[in-house]
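The notes follow in the order I made them.

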Amino acid sequence: MKRSFFFPLLLFFSLSLAALPEMNGISNLFFASYSGKIDLDLTKMSSTMIFAQVFNMLISPETFEGKVIKMRGAFAVYAISESENLFAVVIKDATECCQQGLEFKRRGSPRFPADYPPVGAEIEVTGVFRMGKTPDGYDYFYIDTDNLELVKL
Amino acid sequence: MLNAMLEKLSLYFTFPFVKHALIVGILISLCSSLLGVTLVLKRFSLIGDGLSHTAFGALSIATVLNLSNDMYFVLPFTVFCAVLLLKSGQNTRIKGDAAIAILSVGALAMGYLIMNIFATSTNLAGDVCTTLFGSTSILTLHPSEVYLCVVLSALVVGIFIFLYNKIFAVTFDENFAHSAGLRTGAYNLLIAVLIAVIIVLAMNLVGSLLVSALVVFPSLSSMRVYKSFKSVVICSVILSVLAAALGILIAILAGTPVGSTIVAVNIIEFLLFFLLGVLSKKNR
């Protein structure tokens with residue numbers, strides 16, 4: 001009797017351990033990598049260059065509109081309202097005191113937090129840089145993507 | 001490895017902001033080293049520190065006032081403080097280094113206080129950090145700032161070359177220059193204005209706290225080896241420009257903060273020239 005329980009339990013715990021990331025909502029099933037042409041690959045740059053480049057993208061967004069951008073950084077979530085969140089990839093400068101972030105919007109209708117990595121995890125986002133307008137008429141920029149990869153927890 | 005570095009550099013040079021940073025960096029280091037020799041010889045090495053902190057205070061006021069280009073406020077304010085320090089420094093109750101210390105610490109504290117009370121940015125710590133240490137500010141210049149820097153640098157270099165003999169006379173023996181009929185007061189005023197302009201420009205390159213390094217290190221390094229004013233100035237310019245260019249390139253390749261990397265290259269140069277100076281003395 002004991003033996004008949006031991007092996008199924010062992011199998012259950014082993015499978016549970018292997019599936020732990022999925023239980024935290026970080027399954028790679030939700031994330032996909034990009035294989036097309038990338039116009040600006042920020043992952044190949046040093047932290048100083050990435051910080052400066054993102055700053056320049058924010059002050060002259062029209063230069064980058066429609067370009068495919070790949071960037072890596074920390075995943076951040078900002079609550080806009082009770083039902084709406086803003087998702088961003090955040091990059092720190094060399095002294096780690098300043099940070100620049102870019103909003104990204106995933107295609108489809110992913111749910112938060114189930115379909116997103118944990119806040120603070122290192123992610124890689126590849127998508128098209130787009131400009132938009134808020135209801136108040138302010139410009140804002142985001143990466144339109146369905147390619148989100150989890151790099152490190 | 002060298003190939004990978006060159007490949008990375010050629011990729012980085014396709015970005016206009018990297019070219020701008022290198023141009024501005026070279027120009028600022030050129031100007032700061034030109035007047036650095038005069039400042040070191042006149043024993044005003046720490047004035048750079050005092051003025052850069054004053055400029056930080058002015059910058060915080062400009063930020064709070066939401067000025068479209070803070071340079072229009074920071075530059076005149078710093079020039080005013082430079083004149084106050086250099087002109088009236090000897091005739092007031094609080095003299096020399098004490099006046100610099102008061103202005104320096106006072107402006108720094110007031111600047112940070114103003115920025116905190118009237119914060120306009122959500123990333124206050126970041127704004128203060130980049131202004132003080134210049135981690136990436138040279139790589140985030142607006143084209144109008146680049147043009148302004150080119151014009152002001154050309155002006156500083158032009159004035160220095162045109163008035164070289166007069167600046168030389170005022171630097172070495174002010175009393176003799178005065179008795180020889182030179183308007184030393186006017187030239188001291190001019191030097192103060194030029195220093196303020198350089199300090200405000202140099203804040204973009206290395207940040208407020210590290211500005212003095214740009215003024216002091218190249219001059220002191222070249223003084224270890226060369227003895228005449230002209231050769232010290234020329235060597236100082238070469239060392240300063242080399243340190244700025246190398247510092248920027250290392251910072252963008254290795255991902256280190258630009259300001260402190262430039263200062264680190266300046267320190268290495270100083271140590272090398274210190275050794276050269278010792279060796280050349282022994283060989284004599």
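**A:Gln99.** I started with how accessible A:Gln99 is, and at 40% relative accessibility this residue counts as partly exposed (buried means under 20% relative accessible area, exposed over 50%, partly exposed in between, with a 1.4 Å probe and protein chains only). A:Gln99 sits in strand β4 of chain A; helices (H or I, at least four residues) and strands (E, at least two) are DSSP runs numbered from the N terminus. I also checked A:Gln99 against A:Val54: they are 45 residues apart along the chain, and their C-alpha atoms are separated by 9.7 Å.

**Ground rules.** I am working with a predicted model, where local features need pLDDT of at least 70 and side-chain atom pairs count only at pLDDT 80 or more, while totals for chains, interfaces and linings use all residues. Residues are numbered from 1 along each chain as its sequence is written, chains are lettered from A and ligands numbered from 1 in the order in which they are written, and side-chain values use heavy atoms, with hydrogens and water left out.

**Chain A overall.** I read off three helices and six strands in chain A. From the N terminus on, their order is α-α-β-α-β-β-β-β-β. Chain A has 153 residues, and 39% of them count as buried. I then looked at contacts (heavy atoms within 4.5 Å) in chain A between residues at least 6 apart in sequence, and 61% of these join residues at least 24 apart.

**A:Arg72.** Next I went to strand β2 (residues 68-79) of chain A, where A:Arg72 lies. A:Arg72 is partly exposed, at 35% relative accessibility. Which side chain does A:Arg72 make a polar contact with? I found A:Glu124, at 2.5 Å; a polar contact is a pair of N or O atoms within 3.5 Å, where within protein one must be able to donate a hydrogen and the other to accept it, and residues adjacent in sequence count only if both atoms are side-chain atoms. Leaving aside neighbours within four places in sequence, A:Arg72 also has A:Thr43, A:Val89, A:Ile91 and A:Val151 among its contacts. A:Val151 is 79 residues from A:Arg72 in sequence, yet 8.4 Å away in space, C-alpha to C-alpha.

**A:Pro113.** I looked for this proline in the loop between β4 (99-106) and β5 (122-133) of chain A. The peptide bond from A:Phe112 to A:Pro113 is cis, with omega near 10°.

**The core.** A nonpolar core is a set of buried Ala, Val, Leu, Ile, Met, Phe, Trp, Tyr and Cys residues joined through side-chain atoms within 4.5 Å. The largest one has 103 residues, and A:Leu42, A:Phe104 and B:Leu139 touch the most other members. Helix α10 (residues 184-206) of chain B gives the largest share, 15 residues.

**Helix pair in chain B.** I checked helix α2 (residues 16-41) and helix α12 (residues 229-254), which pack at an angle of about 145° with their axes 8 Å apart. Axes are lines fitted to C-alpha atoms, for helices over the stretch in contact, and angles run from 0 to 180 degrees between N-to-C directions. The residues of this contact divide into 18 nonpolar, seven polar and no charged (Ala, Val, Leu, Ile, Met, Phe, Trp, Tyr, Cys and Pro count as nonpolar, Asp, Glu, Lys and Arg as charged, and the others, Gly among them, as polar).

**B:Ser33.** Helix α2 of chain B holds B:Ser33. Is B:Ser33 buried or exposed? B:Ser33 is buried, because its relative accessible area is 0%. I saw its side chain reach the backbone oxygen of B:Ser29 at 2.9 Å. Leaving aside neighbours within four places in sequence, B:Ser33 is in contact with residues including B:Leu214, B:Pro218 and B:Ser236.

**B:Thr78.** I found B:Thr78 in helix α4 (residues 71-88) of chain B, and at 0% relative accessibility B:Thr78 counts as buried. With neighbours within four places in sequence left aside, B:Thr78 is in contact with B:Leu51, B:Ala55, B:Ala196 and B:Val200.
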